[in-house]
Amino acid sequence: MSTQNDTNAPFQGAPDWQQRYDENSTRWERGELNPAFVHWQEAGAFEGIKSVIIPGCGRSPEPLAFARLGAQVTALDFAPTAVTAQKDTFQKAGLNARIEEADVLAWQPQKQVDAVYDQTCLCALTPAVWPDYADQIHRWLNPGGRAFMLFMQTGKEGGPPFHSPLETMHGLFDDARWQWPDTPLYRSDHANGKYELGAVLIRR
Ligand SMILES: C[S@@+](CC[C@H](N)C(=O)[O-])C[C@H]1O[C@@H](n2cnc3c(N)ncnc32)[C@H](O)[C@@H]1O
């Protein structure tokens with residue numbers, strides 16, 4: 001059987017995400033908008049965003065929600081099931097988006113965008129490639145663009161999802177390239193017992 005380990009995965013030991021969809025082993029899915037998304041929307045944090053990249057989009061509802069807010073959406077995932085699901089969702093809604101089967105560590109946009117929305121994509125990647133991924137997000141954004149980051153907190157070793165301690169995140173998204181919020185991060189609890197800390201980082 002051909003897997004992402006054969007084709008797309010940039011490192012040995014990467015989980016076969018397509019297999020997880022095939023086996024319906026997708027406990028990360030909430031089946032509704034992430035409370036952090038709702039919080040940010042209500043707080044006006046999405047205002048002025050005309051274009052957004054959603055890496056590792058899975059089958060999540062946030063790409064469509066961004067499109068409904070009027071943003072031009074680019075949704076990326078290397079699992080074919082995720083891509084097909086997003087395409088179906090957009091087709092049913094009669095809305096357009098760029099939905100691509102792609103490796104977030106290699107893909108490049110034609111032009112920079114106003115926002116990146118990372119909902120548990122970083123924690124799906126092995127920490128060894130986090131610096132490359134953080135570089136990608138920086139590269140994708142316009143200066144002044146916003147990275148909506150949901151940093152997974154598991155408190156455990158191993159993954160995915162990989163625990164994303166704030167100290168490590170501050171090192172990855174360093175002050176020279178990013179402005180961090182001076183308010184507390186938004187805590188987004190999940191029924192599976194894990195939680196994420198949501199931060200809006202401004203690309204310098
Ligand atoms: C934990 S799931 C989160 C999915 C979605 N964001 C959500 O909230 O439901 C991680 C997703 O990232 C995708 N993914 C992991 N590594 C990737 C990579 N290198 N390039 C593209 N997609 C990747 C997986 O296929 C999976 O759909």
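**Figure 1. Accessible surface and overall build of the chain.** The accessible surface of the chain comes to about 10,000 Å² (Shrake-Rupley method, 1.4 Å probe; for residues, only the protein chains shown count as cover). Carbon and sulfur atoms hold 46% of that surface. This is a predicted model: local features need pLDDT of at least 70, side-chain atom pairs count only at pLDDT 80 or more, and totals for chains, interfaces and linings use all residues. Residues are numbered from 1 along each chain as its sequence is written, and side-chain values use heavy atoms, with hydrogens and water left out. Of the 204 residues, 50% count as buried (under 20% relative accessible area; exposed is over 50%, partly exposed in between; 1.4 Å probe, protein chains only). The C-alpha trace spans about 45 × 40 × 35 Å along its principal axes.

**Figure 2. Order of the elements and reach of the contacts.** The chain has 6 helices and 8 strands. Both are DSSP runs numbered from the N terminus: helices are H or I with at least four residues, strands are E with at least two. From the N terminus, the order is α-α-β-α-β-α-β-β-α-β-α-β-β-β. A contact means heavy atoms within 4.5 Å. Among contacts between residues at least 6 apart in sequence, 68% join residues at least 24 apart.

**Figure 3. Charged side chains.** The chain carries 18 positive and 25 negative side chains. Lys and Arg count as positive, Asp and Glu as negative; His and the chain ends are not counted. The centres of the two sets lie 4 Å apart. Each charge is placed at NZ of Lys, CZ of Arg, CG of Asp or CD of Glu.

Figure 4. Rings of Phe, Tyr and Trp (its six-membered ring) pair if their centres lie within 6.5 Å; planes under 30 degrees apart count as stacked, over 60 as edge-to-face and the rest as tilted. By this rule there are 14 aromatic pairs. One of them joins Phe 37 and Phe 46, a tilted pair with 4.8 Å centre to centre and 45° between the planes. Both of these residues, Phe 37 and Phe 46, are buried.

Figure 5. Most peptide bonds are trans. The bond from Gly 159 to Pro 160 is cis, with omega near 0°. The bond between Pro 160 and Pro 161 is cis as well, with omega about 0°. Pro 160 sits in the loop between strand 5 (141-153) and helix 6 (166-172). Pro 161 has its place in the loop between strand 5 and helix 6 too.

Figure 6. Most residues other than glycine have a negative phi. Asn 24 has phi near 60°. Its loop runs between helix 1 (17-22) and helix 2 (35-42). Asn 24 counts as exposed because its relative accessibility is 60%. Thr 120 also has a positive phi, about 60°. The loop of Thr 120 lies between strand 4 (113-119) and helix 5 (130-140).

**Figure 7. His 190 and its contacts.** His 190 lies in the loop between strand 7 (186-189) and strand 8 (195-203). His 190 is buried, because its relative accessible area is 12%. Leaving out residues up to four places away in sequence, His 190 touches Arg 27, Trp 28, Glu 29 and Arg 30.
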